[in-house]
Amino acid sequence: MTTVITYGTYDLMHRGHVRLLERAKALGDYLIVGVTSDNFDKERGKINVSQTLLERVENVKSTGLADKIIVEEYEGQKIDDIIKYKVDIFTVGSDWMGKFDYLNEYCKVVYLDRTKGISSTEIRSDNNSLSIGVIGNNRLASKFIKECSFVNGVSTSGLYLDENKNREMFDDNLLTYDLNELFNKSDSIYIVSQPNSHYEQIKLALEHKKHVLCETPITTNVKQYDELLKLADNKNLILLDSLKTAYSVAYQRLLLLVKGGIIGEIASVDAVCTSLKSANPASWDSSFDSWGPTALLPIFQLLGIDYSDISIYIKKENNYDTFTKIAFKYHNAVASIKVGNGVKSEGELIISGTKGYAYVPAPWWKTEYFEIRFEDPNENKKYYFKNDGEGIRYEIIAFLDLIKNNTNYYYISRDISRKIIEIREKINNGMLND
Ligand code: C2G
């Protein structure tokens with residue numbers, strides 16, 4: 001009996017896939033098909049696969065060509081599978097020509113001609129094309145533009161500089177000085193300007209029927225936030241918080257583990273984020289505007305927003321807020337943030353519990369690594385997850401999925417978004433303690 005094995009994602013199954021499987025089957029008597037797991041696809045850079053692993057396995061099953069279906073979970077699994085299943089022939093499409101020659105040591109390798117004129121990427125792009133216009137002029141804007149190029153179907157249509165600075169960071173062809181022109185050539189808008197410009201810019205974008213992704217805090221007061229949400233809902237448009245940490249893989253997994261009870265009951269969440277001021281005073285933000293929303297995120301996502309007490313302490317330098325410490329009291333837990341712009345400290349996140357604690361080393365807000373630690377160090381566990389583009393890439397996909405109705409899940413709930421604005425408002429009004 002000749003055993004053949006082939007691997008693939010099989011997203012949005014099409015004629016090219018079926019032809020490949022037919023010819024693979026014809027090479028022998030028994031066909032094993034490895035379908036890539038979501039995690040493995042992310043690791044190998046295929047990030048916006050449309051269907052889940054289960055749906056993709058179903059795709060392969062429905063052809064009736066596979067005698068056995070397995071899941072490909074990790075780099076190097078192919079060799080393990082070939083030995084385990086006594087495989088005679090490994091086959092894959094000619095787009096991989098030469099890439100799997102190293103398997104010749106274990107079995108025969110056959111590259112089959114790829115079917116021309118069809119691919120999952122094209123099908124996805126048809127369903128999923130989105131042009132994003134950018135408003136802003138800082139490093140985050142330039143990172144965002146770069147990350148758009150990694151997401152299938154997404155393109156940046158232009159960049160509006162709300163102030164004429166940092167021009168040199170951007171491609172001249174992208175620049176526009178006319179907001180209407182930007183709206184005309186975009187399906188959606190990403191806003192990364194100063195928080196006090198957000199309200200006007202979001203309102204204009206929504207009035208032009210554009211979906212909006214905006215850096216948190218979305219506005220500087222709750223009243224304006226509620227007004228914009230209403231406007232977006234009435235027009236059936238998405239208004240989404242942009243805060244890269246919320247979309248990061250490791251951060252998401254950390255939340256799941258902690259909510260699942262791995263460290264017992266949560267007693268305290270303590271987050272620190274700091275940076276030193278850039279050389280350019282014109283771009284100095286307060287410590288809260290630089291880091292507050294990020295540091296508050298794990299507290300609100302783990303303990304909720306119904307704290308019973310809040311105390312805010314601010315250190316100023318020439319009237320400029322360089323360091324803010326906020327303490328929260330909850331029914332059965334406490335929490336704190338320390339944020340600095342112009343003051344440096346250890347940027348770690350610690351979640352203390354009744355059975356153990358989660359430790360996320362600096363810089364925790366873009367981490368790929370964390371530990372769950374216990375009294376007995378032998379029980380400690382280390383976790384590693386790849387976090388492409390510091391989370392920005394996943395944020396763009398989340399925005400795209402909401403717009404295309406592939407999901408209605410918001411990584412940052414409106415309640416949390418509103419609470420962050422409320423705290424910023426408190427600070428700006430000098431109302432520091434409840
Ligand atoms: N294919 C093809 N013709 C197309 C498109 C795809 O013959 N027009 C083949 C691919 O070459 C591959 C199989 O169909 O052999 C599955 O394709 P994908 O789902 O795109 O998976 P891919 O990323 O190529 O995965 O490590 C090898 C990978 O697992 C193969």
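Which residues of α11 meet which residues of α12? What we have here is a predicted model, where local features need pLDDT of at least 70, side-chain atom pairs count only at pLDDT 80 or more, and totals for chains, interfaces and linings use all residues. Residues are numbered from 1 along each chain as its sequence is written, and side-chain values use heavy atoms, leaving out hydrogens and water.

Okay, back to the helices. In α11, it's Y251, L255, V258 and K259, and they meet L297, P298, Q301 and L302 in α12. Contact here means heavy atoms within 4.5 Å. Helix α11 covers residues 249–259, and its axis comes within 11 Å of the α12 axis, crossing at roughly 35 degrees. Axes are lines fitted to C-alpha atoms, for helices over the stretch in contact, and angles run from 0 to 180 degrees between N-to-C directions. Helices are DSSP runs of H or I with at least four residues, strands are runs of E with at least two, and both are numbered from the N terminus.

Now, α12 has another partner. Helix α12 (residues 287–303) packs against helix α14 (residues 414–428) at about 135 degrees, with the axes 10 Å apart. That makes α12 oblique to α14; the cut-offs are under 35 degrees for roughly parallel, over 145 for roughly antiparallel, 65 to 115 for roughly perpendicular, and oblique for the rest. On the α12 side, the contact includes F288, L296 and F300, and on the α14 side I416, I420 and I423 are among the residues.

Keep an eye on F300. Along with F328, I351 and I423, F300 touches the most other members of the largest nonpolar core, which has 80 residues. A nonpolar core is a set of buried Ala, Val, Leu, Ile, Met, Phe, Trp, Tyr and Cys residues joined through side-chain atoms within 4.5 Å. Buried means under 20% relative accessible area, exposed means over 50%, and partly exposed is in between, using a 1.4 Å probe and protein chains only. Apart from that core lies another one of 22 residues, F183 and Y225 among them.

Y10 and K86 each have a positive phi without being a glycine, at about 55 degrees for Y10 and about 50 degrees for K86. Y10 counts as buried because its relative accessibility is 4%, whereas K86 is exposed at 66%. There are cis peptide bonds too: one from T216 to P217, with omega near 0 degrees, and one joining A362 and P363, with omega about -10 degrees.
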